[in-house]
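Work through the exercises below with the sequence and the model open. Each task is followed by a solution in steps.

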Amino acid sequence: MTARLAPPYGLLLDRDRSIRFSFEGQPIEGYAGDTIASALAANDIWLLSRSFKYHRPRGILSMAGDDANTLVQLPDEPNVLADLHRISDGLAVTGQHYTGSLRSDGGQWIERIAKFLPVGFYYRAFHKPRGIWDFWEKRIRARAGLGTVNEAVRGRYYDKEYAFAEVAVVGAGAAGVAAAIEAARAGRQVVLIERQPILGGALNHARVDARATRGVDLAGALAEDLAAVEDRITILTDATCTGLFDDNLLAVVTGNRLIKLRAEQVVLATGAIEQPMVFANNDLPGIMMGSAAQRLLWLYAVRPGRHAVVVTVNGDGYGVALDLAEAGVTVQAIVDLRTAAAPDSRVEEAVSRRYPILQGFTVDRAIANAGGHHLAGVDLVPAEKDDMATPARRHIACDLLCMAVGWAPAASLAAHAGAAVTYDETANSFTVADLPPTIHATGALAGIWNTDDAIAHGRHTGRRAAGSHGEPTAKTDAAQLSVSAPFPCSETGDGKAFVDFDEDLTPEDIRNSIAEGFDHIELLKRFSTVGMGPSQGRQSVTNALRLLCRETGQAIQESQGWTNRPPAFPEKIGQLAGRGFDPVRKTPMHDRHLEAGAGMMVAGNWLRPVGYGSNLSEAAIAEARAVRNGVGLIDVSTLGGIDLRGPDVVEFLNRLYTMDYTKQPVGRGRYALMCDMTGTVMDDGVACRMAQDHFYVTATTGNSDGVYRSMLQWNAQWRLEVDIANMTGAFAAVNIAGPQSRKVLGPLCEGIDLSAAGFPYMAVGEASVAGMPARIMRVGFVGELGYEIHVPAGYGEALWDALTDAGRPYHCRPFGVEAQRILRLEKGHIIIGQDTDGLTHPHEAGMGWAIGKRKPFFVGKRAIDIQMARGLERVLVGFTLPPQTAVLPEECHLVFKGEDIVGRVTSIVRSPTLGQPIGMAYTAPDRAEPGMPILIKGPMGRYIQGTVAALPFYDPENRRQAG
Amino acid sequence: MSSAVPVDPTQYSRRSFVYRRLRDAGAVFADCGDTAIADGYPGRGGLPSRMALIDLSPLPRIGFKGPQTLEWLSRQAVTIPARNNRAERQTDGALAIRLADTEVTILGDIDSRDNTVSRLENRPPAGGCYPVPRRDSHVWFVLCGGKAPACLQKLCGVDLRIGRFEDLAVAQTSLARLSAQIVRQDHGNVPTFHILADSASALYLWDVLVDAMDEYLGGLAGRSALRALRETRG
Amino acid sequence: MKILNCPLNGPRNIQEFVYGGPVQDMPAVDAPDAAWADYVFLEDNAAAVVREWWMHVASGYWFIAERDTRTDDILRTYAPGAPERTGDA
């Protein structure tokens with residue numbers, strides 16, 4: 001590790017712990033606290049990735065996770081930022097997006113045909129001649145994308161957490177820490193969020209004046225103030241705020257957790273992002289931001305090169321040169337784009353140390369070494385070339401080029417909050433304005449570059465966020481500090497110059513897009529893809545906007561970049577999913593079903609048994625037969641149950657359901673059909689009159705929550721005197737059905753006469769069943785003698801056991817949803833949502849009988865009347881097919897009348913009871929008479945002819961069910 | 001540990017919604033009237049010091065809804081909270097939770113010493129106030145411990161911090177995507193939260209709470225532990 | 001994620017609520033067909049302050065919110081039948 005420096009360099013390193021990992025199969029040693037990139041750099045490995053389009057060699061650029069030149073592959077995760085991800089023992093890191101090896105990527109050849117791949121070429125290629133896409137698609141898929149997903153990886157534990165703060169401060173640099181301290185001093189509860197593992201931001205690595213220790217002094221002083229109020233500040237490090245949403249909700253990702261932080265006030269101190277220069281081969285490994293070189297030095301104790309050139313327009317660049325020299329790097333030249341440097345203590349110190357300074361020059365191109373993987377030197381030309389045809393070039397050999405030509409505020413979160421992020425020509429950078437009242441910007445984000453000013457402004461902002469009023473101090477005039485270059489772009493050199501490193505876009509690509517007519521920043525982005533890569537324009541939007549304005553003549557003052565949307569930084573889908581809460585409801589008999597071998601299905605948000613046994617289709621038939629011939633039990637706890645009580649209960653039911661309940665006697669149930677305002681059938685059940693002012697109404701499993709919600713909403717408007725209580729989970733219910741059902745249930749009951757006369761069809765009563773308090777109804781969905789027993793949920797399992805035991809001598813068996821569907825179809829009962837759709841009104845489904853004729857109003861009445869006045873367009877009928885039909889049509893196969901589609905099949909099954917296929921279908925009203933043929937287009941487009949049949953198919957005189 | 005005679009939950013017709021989970025975790029059950037309650041977990045030594053999850057579903061409770069609810073309950077000598085979303089302790093240890101102007105739930109005392117719930121169960125209300133079977137419609141879990149608010153914060157978007165959500169405060173909200181009622185009622189000086197949610201989702205909610213507690217080294221506890229906690233008045 | 005101030009439960013994340021359509025009076029039982037079709041199918045879609053039904057799911061509580069559709073600001077919320085009782089946003 002020859003590039004390592006001794007302390008005080010290496011703030012993040014724990015030198016007592018060595019870590020061994022590998023890169024591209026080569027063993028590498030680093031320290032705990034190293035990132036992949038810093039450990040590799042310490043071992044003189046600078047080539048990290050291959051670019052997206054041209055497969056050019058790439059390496060460290062920002063050293064802060066702001067760019068995507070460092071994306072590497074881990075065994076269980078692609079596209080990992082090597083300059084943020086810390087090394088661990090045994091970690092096997094490889095590059096991505098190459099053929100062969102990272103060093104000699106077979107994909108490099110593509111650059112040779114670059115002229116055939118202009119910007120947006122794919123919009124015009126790959127579709128002619130016909131069929132050519134089939135050839136290209138496979139090849140493009142193989143080459144496209146960056147990392148590889150390991151599909152064998154098991155899910156990891158992710159989760160989420162809600163958090164609250166009076167003041168949230170994003171960014172723990174000088175201004176952010178100052179703001180947090182002042183807000184805490186004012187008594188507020190503060191959360192401070194920092195992306196890096198330590199606080200301090202640029203104070204940890206920047207050289208703010210001639211004396212190297214100044215930044216560290218300031219960091220130390222702030223740390224003391226921070227310690228004094230630490231009980232009111234929660235500090236989150238290694239935490240990234242990826243979005244700022246309505247009412248100050250911040251999304252913060254840290255490790256495998258997503259924190260949803262609600263803050264009353266937000267202080268944004270996210271700092272600024274150093275911007276690149278555009279010149280030929282500006283993407284070579286060895287070319288990095290000045291701040292990247294300083295991060296390597298100060299955070300990771302890595303000497304970033306041996307011979308360096310610094311290109312700059314500000315005092316920061318001179319500070320970089322001072323840092324490099326003091327770390328043993330030879331400063332070959334400081335290339336200042338300006339003809340004269342503004343006064344700055346760092347400039348004076350560099351001058352006094354006699355560093356070679358070239359004023360008024362710029363970089364024309366960078367030259368690679370023999371292997372083509374690293375910087376070997378730069379060509380310089382005068383910055384003001386004017387009419388020079390061939391400007392005089394100076395060559396300087398170097399293995400490190402630091403760019404310090406400007407900054408852009410890290411304004412994503414401000415943009416999410418609705419701020420105006422516009423270009424300011426006096427600053428040569430974007431500025432942030434028009435933040436909402438509860439969101440504040442400070443530090444470099446607010447355009448304050450001087451460190452002392454940033455701390456003072458941060459303090460004022462913290463106090464303002466804590467509730468005190470008063471303007472923060474005026475910031476130092478940015479123009480005087482000449483922080484950013486107006487147009488750091490040089491196109492005279494030979495070789496590709498990159499505006500966007502993620503997408504391999506050159507100034508020529510930008511100009512070609514504009515020439516095609518995409519001359520607005522939003523259009524330019526979408527056509528050229530500038531800013532659409534993983535770094536989301538952090539280092540490209542500024543230069544892209546400058547190029548656009550130069551090319552079109554648009555004024556750059558107050559221009560905006562493209563719309564900035566969350567996430568500001570990459571988020572994993574696992575972090576967004578968290579634990580993936582998926583509530584599931586189980587009946588009290590759930591375990592009994594499993595013990596009996598049930599296959600379960602999801603119905604609404606419940607689990608229900610499909611049937612019992614390993615072959616569910618056979619089980620359904622056997623279970624259906626058992627019910628017809630003897631007795632069966634089905635768990636119907638999932639059906640909705642709503643208690644309606646109060647003096648206006650009948651009026652309420654009459655308005656909400658189609659039938660008239662005025663004369664319904666106590667102790668009786670009546671069918672209940674509900675429509676919506678469009679007249680569409682929504683739900684059905686049974687309304688049982690338990691007492692004069694008390695109805696217990698059932699609903700279907702899938703709709704019970706919706707019915708309850710709808711009842712509450714209607715009564716919020718009508719305000720009738722009726723109490724609506726959702727009892728769905730409060731009762732367990734079993735339906736016992738079959739000719740033997742009375743014999744099984746009778747002996748268990750106390751307090752009720754279950755005889756045919758004492759408890760006729762549709763009777764309702766309360767009794768004790770096996771010692772448990774129950775509501776009993778005599779209902780008939782499946783067409784046999786049957787009873788529904790509702791007990792409080794705590795008794796559900798015991799009830800099931802009691803009935804199972806009592807039923808054993810009669811070979812009673814449990815039956816599931818599938819058997820029930822067969823039985824109900826034989827009995828001609830519809831299932832809402834299967835035999836009805838989003839438009840079915842009662843008359844179409846043959847349920848005109850369920851409409852109370854004398855009621856002035858019920859929900860949907862007018863709509864039904866209006867539709868009926870137009871006449872029926874379709875009706876639901878029963879049909880049969882010959883027993884020997886080999887291939888049956890399926891639900892949703894179409895019904896034809898001649899060439900016209902007149903309906904579709906809604907239910908179909910091979911009936912075990914009738915010995916032939918039966919079903920229900922929609923058809924034309926003039927084809928609905930029993931006996932008429934019905935033509936269905938079945939599987940493989942073959943026509944199948946059936947016969948319309950009267951419903952019900954089974955027991956048309958209702959002797960079994962109602963006897 | 002209680003000296004009550006251990007029973008098997010299946011001896012009773014009425015059973016807790018999660019009795020199998022508790023039995024598999026080693027719970028010892030005691031009689032509590034018409035059903036069994038997990039009284040403790042031998043070998044786990046009382047209340048886990050950091051965080052505990054307790055199933056109180058077998059205990060009596062009842063709800064009332066309707067426009068005359070507050071008036072009728074006052075006439076039955078129940079102390080009604082002055083505002084919605086507040087709870088009020090009754091003299092016999094029961095807890096009255098006021099969910100709305102027209103709805104109150106009464107949680108029975110853990111020793112069933114109370115007569116509030118049985119008194120109200122046996123006295124049919126006058127018009128305009130209707131009983132609802134909260135013992136069957138809702139599951140009743142208790143989460144207690146200094147970190148209980150932090151644990152619940154992983155499941156719930158309401159600010160439950162000790163300084164913000166006071167003793168006897170009530171939140172009707174979404175807990176791990178379930179509609180739930182959260183009521184704070186400190187036992188001793190340990191933050192304690194009653195959680196009431198749809199009984200059919202009991203197993204789902206139990207598993208979610210056990211998983212969320214894991215980070216805080218939480219464990220299961222029985223009724224005895226809660227009783228002991230209550231008796232250490234802080 | 002917006003905060004909605006429920007008249008019963010106070011300020012809560014909007015995910016705890018369900019939207020229930022605009023507040024509108026039902027036409028008379030014998031109003032013409034066109035009036036009913038308008039009531040069932042058509043909405044004004046006004047750029048203005050509108051009144052809407054919202055329900056807090058966990059408590060089953062329906063209430064009315066006044067929202068400015070231009071800024072998406074919720075100006076106030078109140079129990080149905082009690083517009084004079086203000087719940088400030």
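**Exercise 1. Describe the contact between chain A and chain B.**

Step 1. Chain B brings 30 residues to the contact and chain A brings 28 residues, where two residues are in contact if their C-beta atoms, placed from the backbone, lie within 7 Å.
Step 2. On the side of chain B that touches chain A, β9 (130–132), α4 (134–137) and α6 (202–214) of chain B each supply at least two residues. Helices (H or I, at least four residues) and strands (E, at least two) are DSSP runs, numbered from the N terminus.
Step 3. That side of chain B divides into eleven nonpolar, eight polar and eleven charged residues. Ala, Val, Leu, Ile, Met, Phe, Trp, Tyr, Cys and Pro count as nonpolar, Asp, Glu, Lys and Arg as charged, and the others, Gly among them, as polar.

The model is predicted: local features need pLDDT of at least 70 and side-chain atom pairs count only at pLDDT 80 or more, while totals for chains, interfaces and linings use all residues. Residues are numbered from 1 along each chain as its sequence is written, and chains are lettered from A and ligands numbered from 1 in the order in which they are written.

**Exercise 2. Characterise the packing of α16(A) and α21(A).**

Step 1. Helix α16 (residues 616–629) and helix α21 (residues 817–826) of chain A pack at about 55°, with their axes 8 Å apart. Axes are lines fitted to C-alpha atoms, for helices over the stretch in contact, and angles run from 0 to 180 degrees between N-to-C directions.
Step 2. α16(A) and α21(A) are therefore oblique to each other; angles under 35 degrees count as roughly parallel, over 145 as roughly antiparallel, 65 to 115 as roughly perpendicular and the rest as oblique.
Step 3. From α16(A), A:L616, A:A620, A:E623, A:A624 and A:V627 meet A:E818, A:A819, A:I822 and A:L823 of α21(A).
Step 4. By class, this contact has seven nonpolar, no polar and two charged residues.

**Exercise 3. Work out how β6(B) and β7(B) are joined.**

Step 1. Strands β6 (residues 86–89) and β7 (residues 95–100) of chain B pair in the antiparallel sense over four bridges; two strands pair if DSSP finds at least two bridges between them.
Step 2. B:R89 has B:L95 in β7(B) as its bridge partner.
Step 3. The two strands form a hairpin with five residues between them, and B:G93 in the turn has a positive phi of about 100°.

**Exercise 4. Give the strand order of the open sheet in chain A.**

Step 1. The three strands run in the order β2-β1-β7 (chain A), with mixed pairing.
Step 2. β2 (26–32) and β7 (92–93) of chain A are the edge strands, each pairing on one side only.
Step 3. Strand β1 (residues 14–23) of chain A pairs with β7(A) in the parallel sense over two bridges, and A:S22 stands opposite A:A92 in β7(A).
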